[in-house]
Amino acid sequence: MRTRNTTLAVAGLLVATVTGCGGAIPTASNSKADGVYAQIAKLPKDQQVAKAQELAGKEGKTLSLYTSMTADIATPVAKAFEQKYGIRVSVFRGNSETVLQRALQEGQAGKPGADAVETNFLEMTALSGNGMLVPFNGSALDKVEKTGKFQDWTASRLNVFQPAWNTDLIKPDDEPQSWEDLALPKYKGKLTLEISDSDWYQSVTKWWLDHGKSQAEVDRLWKAIAANGKAAKGHTTMMQFLTAGQTSMEAMNYTYITDRARAAGAPVTHLPASGVSKIPAFARPNGVGMIKGAQHPAAAWLFYHWLLTDGQKELVKLKLTPSTKVPGDKSLDGLTLAPFDVKTLSSATGTWDKKYDALLRGVDTVGN
Amino acid sequence: MRIVRSLLSFQGLLVGGAVVIVGYLAIVPLGYLIHDTFLSSDGTGVSFGAFSRAYGGNAQAGDMLLNSMWFALGSAALALVLGTTLAYVQVRTDTPFKGLFFAASLVPLIVPGILYATSWIFLGDPSTGILNSLVFEPLFGATPINIYSVWGMIWVQGLHLAPVAFLLMVAAFRAMDPSLEESAAMSGANRLTVLRRVTVPLLRPAMISAALLMFVQSLESFEVPGLLGLQNGIYVFTSRIYFVLRAYPVDYGAAGAYAIGLLLIAAAGVLLSSWLQRSSRNFQTVTGKAFRPRPVELGRARPFVGVAVILYFLITVVLPVAVLVYASLLKYYAAPSRKALSSMTLDNYRAVLDMPLAFTAPKNSLLLGVGAATAVMVLTAVVSWVVLRTKAPGRRLLDLLAFTPIVIPGLVLGLALSFVYLRMPLPIYGTLLILLISYCTRYLPYGMRYSSAAMAQMSPELEESAHVSGASWFQTFRRVLLPLMSSGILAGWVYILVVSFRELSSTILLYSPGKEVLSVLIWEQFENGQFTTLAALGVLMVLLLVLLVSIAYRLGARFGLQGDSAN
C-alpha cells in the first residue's frame with residue numbers, strides 16, 4: 001500500500017514537471033501600471049509628488065529597485081529613501097550587464113520584477129531601446145542639465161574617467177599631464193588597462209580626432225599606450241592592486257573609486273600634486289528609469305523624483321558625482337570636464353568593443 | 001501489458017524519474033545554447049555565422065585553443081598527481097600528520113577562486129610578491145617566481161583543483177581490496193612494480209573520472225586566467241566568452257559558439273574516458289569477498305613523507321590562508337611592513353558581522369548546498385546505475401548529456417533558467433528553488449563522475465547475490481549498492497556542498513532580494529573594492545565549511561562509512 005502511494009506521488013510529480021514545461025505562457029503584464037503613470041504625468045507638476053505618495057500608499061508602500069550601484073552605496077541610498085517616504089525598498093544588485101539581462105528577460109516574459117532601475121549609460125540606453133521604460137515629466141528634471149536628459153531616463157550620477165596612480169611609486173615629476181602622456185616611454189610596464197573600458201577608448205579617440213590629430217597619429221598613440229601597459233579585469237580589482245603597490249598606474253579608473261580608496265588612507269590619487277588636472281575628464285552618465293508594467297509604479301515615480309532631488313545629497317555624502325549641482329560637492333574639484341559623446345557611443349558600441357579588444361591583444365582590427 | 005506494468009513498478013518509476021529529471025536538467029540550458037548559436041540573424045533558419053564571428057577574423061582562435069589546452073592539461077595533470085599521491089599516502093600508509101590531510105583537501109576548495117588567485121598574486125608577483133621579496137631575494141639574490149605565466153596559472157589552478165582528485169581518489173583507495181597488491185608483493189614484485197602494475201591500473205576508473213573533471217573544469221574556469229593570464233595577454237576560451245557576454249548588444253551566438261567548442265572537447269573527453277573504461281570488469285575491486293585494507297608501513301621513509309606532508313600543507317593551506325588572515329586585519333592591503341603591522345585591527349570582522357545579511361546569506365547557502373548536494377548525489381547514483389549496469393538503449397547518450405552542463409557558461413545557464421521559469425505557472429522564479437535547480441544542473445556532471453567512479457569499482461555479483469536471496473531491486477540498491485558506494489557518494493556530496501557555496505555566475509542573475517546567498521555577499525564586497533573585508537569573510541567561510549564537513553564525516557562514520565581509523 002505504501003509503495004503504491006509513493007508510486008502515485010512520484011507519478012504525480014513527473015506529470016506536474018512535464019505539463020509544467022509545456023504550460024501556456026502567462027502574460028501578467030500590468031496594464032494598471034500604465035494608468036498610474038499616466039495619472040501622475042497629466043497632473044500639474046506641483047501636485048505630482050503628493051499624488052504619487054497617495055498612490056504609493058495604496059500599492060503597499062514597497063519598491064523593487066534593480067541597480068548596479070555597489071552595496072555600500074545602494075544600502076544607504078535605499079535607507080534614505082525609506083526614511084523620507086516610508087516605502088520599503090528591496091534592492092537587486094548586480095553588475096550593469098546582469099541588471100540589463102534580468103530586466104530584459106523579465107520584460108520579455110511579461111513579468112517585470114523591477115519598478116525602478118538605476119544603472120550605467122549603455123544599459124539604460126539598451127533598456128530604453130527595448131521599450132522597457134516609461135518617460136518621466138516631473139519637476140525634478142528642471143535641475144538636470146540638458147546633456148543628462150534622455151528620452152525616457154535621466155542621468156542620476158556621473159562616472160568620471162581619469163588616470164590614477166600610486167603616489168609612493170609615481171613621484172610628482174612623473175605625473176601624467178595629458179592622455180597623450182600615457183604613451184611616453186617612461187611608463188613602460190607601469191600602466192594597467194581595464195579590458196572593458198572601450199567607452200573610455202572611444203571618448204579619448206574622438207577627443208584626439210576632434211582636436212587636430214590624424215587617424216594615423218591616434219593609432220600610433222594607442223599602440224604605444226597598449227605597449228606600455230598590461231590588461232586587467234575589473235576597476236575595483238585594479239584599484240586594490242594599485243593601493244597595494246602591486247601596480248604603479250592605471251590608464252583609466254573612475255575618480256570615485258580612486259577617491260574612496262584615498263579616503264580609506266591608501267596612497268593613490270587621480271589629481272597631480274598641484275591639485276589641478278588638465279587631462280580632459282569625460283563624465284559618463286549613469287541613470288534612473290521607471291519600468292513599464294511595474295508592480296509599484298507610483299513608488300517608482302517617487303524614487304525617480306527623489307533620486308534627482310534629495311537623493312543627490314545622499315550621493316554626495318557617499319563621495320559620488322551627482323548629475324545636478326549640489327552644494328558641498330567636491331568630487332569635480334581640480335578636474336577639467338570634457339563632453340562625453342553620447343551619440344557615437346550609443347549608436348556603434350559593438351565596433352568600439354571589438355577595436356579596443358583587438359588593441360589590447362595587439363592584433364589589427366579587420367576593416368579598420 | 002507487461003511492459004506497462006514494469007514501467008509503472010516502483011523501480012521503473014524511480015529509475016525513469018531520475019533519468020527524466022537528469023535529462024530535463026541538462027537539456028534546458030543545452031537547448032537554449034544551441035538555439036542561440038545556430039539561429040540565423042533573421043530568426044528563421046539555421047546559420048553558422050556565430051562560429052565565424054567567434055573563431056574567424058582576428059580572434060586568434062589557434063592561440064586561444066593552444067593556451068586553453070595547455071592550461072587545462074597542465075592543471076589537470078598537476079592536480080591528479082598531487083591528489084592521487086596525497087590520497088594514497090593518506091589511505092594506504094602509516095604516515096604521520098593524517099589530520100592535516102583533511103584541511104589540505106578542503107581549504108583550497110573552499111576559498112573562493114578569486115581570493116585564492118589574489119592571495120597567490122600577493123605571494124608570487126615577480127617584483128613585489130612576498131615569496132620573491134622576503135624569501136628568494138634575500139636568500140638567493142634572485143626573483144624567480146612569476147605568477148603571471150602559464151606555469152603560474154597551472155600552479156594556482158592545479159593546487160585549487162587537487163582536492164577534487166584527492167576526494168575521488170580517497171574514495172577509490174578505500175574501496176580497493178589490497179590483497180591483489182599483497183599477492184603481487186608475495187610473488188616478488190617490488191613496491192614500485194606493485195604500484196605501477198597493480199595499484200594504478202586498478203584505480204583507472206577513478207583516475208580517468210578525476211582527470212576528465214579537472215580538465216574540463218580548467219577549460220571552463222575564469223578566475224585564474226582572468227586574474228593571472230590577462231596580464232601577459234594569455235587568452236583562453238573563457239576570457240573570450242567573458243568578452244562577448246559583457247559587450248552590448250550581447251552576441252549570444254558567439255558565446256554559444258565558444259561554449260560548443262568547449263562542449264566538443266569535453267565530449268571527446270567523455271568518449272575517451274568510457275573507451276578507456278571499456279573492459280570495466282578488470283577494475284571491479286569491491287567483490288563478494290571481505291577485505292580490510294592494511295596500511296603500508298613506510299619504515300625509514302616515514303619522516304621524509306611526514307616532511308613532505310607538512311610542506312604540502314604549508315604551501316596549499318597555510319600560505320594562502322595566512323595572506324587572507326593578514327589582509328583581513330588591515331584597512332587596505334599593503335605588503336608586510338612595520339607600518340602595515342602596526343595598523344592591524346579587527347574592524348573587518350566587525351563589518352562582516354554587522355552586515356544585514358550576515359545570517360540569512362549563510363543560512364540560504366547552507367540550505368541550497370545541502371539540498372543540491374543531496375539531490376544530485378541521489379539522482380546520479382541511480383543514473384550511474386542505469387549507465388553502467390543496464391543495457392538500456394541511449395545510456396551512453398545519457399552519460400554524455402549529464403556531462404554537458406559543465407561547459408555551459410554560468411550566465412547562459414542563468415538566462416536559460418530564467419527564460420523557462422518566468423514562463424512556467426509554478427512559483428519557482430524569484431525563490432530559492434530556482435537557485436536549487438541551477439546548482440543541481442551545474443553540479444550534475446560532478447555528481448555523475450563521483451557516482452560512476454564508485455559504481456565502476458563494484459562487481460555486479462553483489463547485486464546478483466542479493467537478488468538471488470530474494471531482495472527487490474530497491475532493497476538491493478538501498479541496502480547493498482548505496483552503502484558500498486557511500487565513500488564515493490559522500491566525497492561527491494562534500495564536493496558539491498563546498499563548491500555550491502562559491503557559485504556566482506548563474507546565482508547573480510537568479511537570486512532575489514531577501515534571498516541572497518554567501519557568494520552574492522562575497523561578490524558585493526569584491527565590487528565594493530573591500531578586499532580586506534572580503535578576506536575576513538573568506539576566513540569565516542573557511543571556518544564554517546570546515547566545521548560543516550567535519551560534521552558530515554562524523555555522521556558518515558556513524559552510518560558505517562569507513563573512517564580514517566579503520567585504515
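Modeller: Chain B has a radius of gyration of 24 Å, which agrees with the value near 24 Å for a compact globule of 567 residues; the radius is taken over C-alpha atoms, and the globule rule is 2.2 Å times the number of residues to the power 0.38. Bear in mind that this is a predicted model, where local features need pLDDT of at least 70, side-chain atom pairs count only at pLDDT 80 or more, and totals for chains, interfaces and linings use all residues. Residues are numbered from 1 along each chain as its sequence is written, while chains are lettered from A and ligands numbered from 1 in the order in which they are written.

Colleague: Which residues is C440(B) in contact with, leaving aside its neighbours within four places in sequence?

Modeller: L25(B), A372(B), A375(B) and V376(B). Contact means that the C-beta atoms, placed from the backbone, lie within 7 Å.

Colleague: And how many residues of chain B are in contact with chain A?

Modeller: 46 residues of chain B, against 59 of chain A. α2(B) gives the most to chain B's side, with five residues; helices here are DSSP runs (H or I, at least four residues), numbered from the N terminus.

Terms used:
Two residues are in contact if their C-beta atoms, placed from the backbone, lie within 7 Å. Helices (H or I, at least four residues) and strands (E, at least two) are DSSP runs, numbered from the N terminus.
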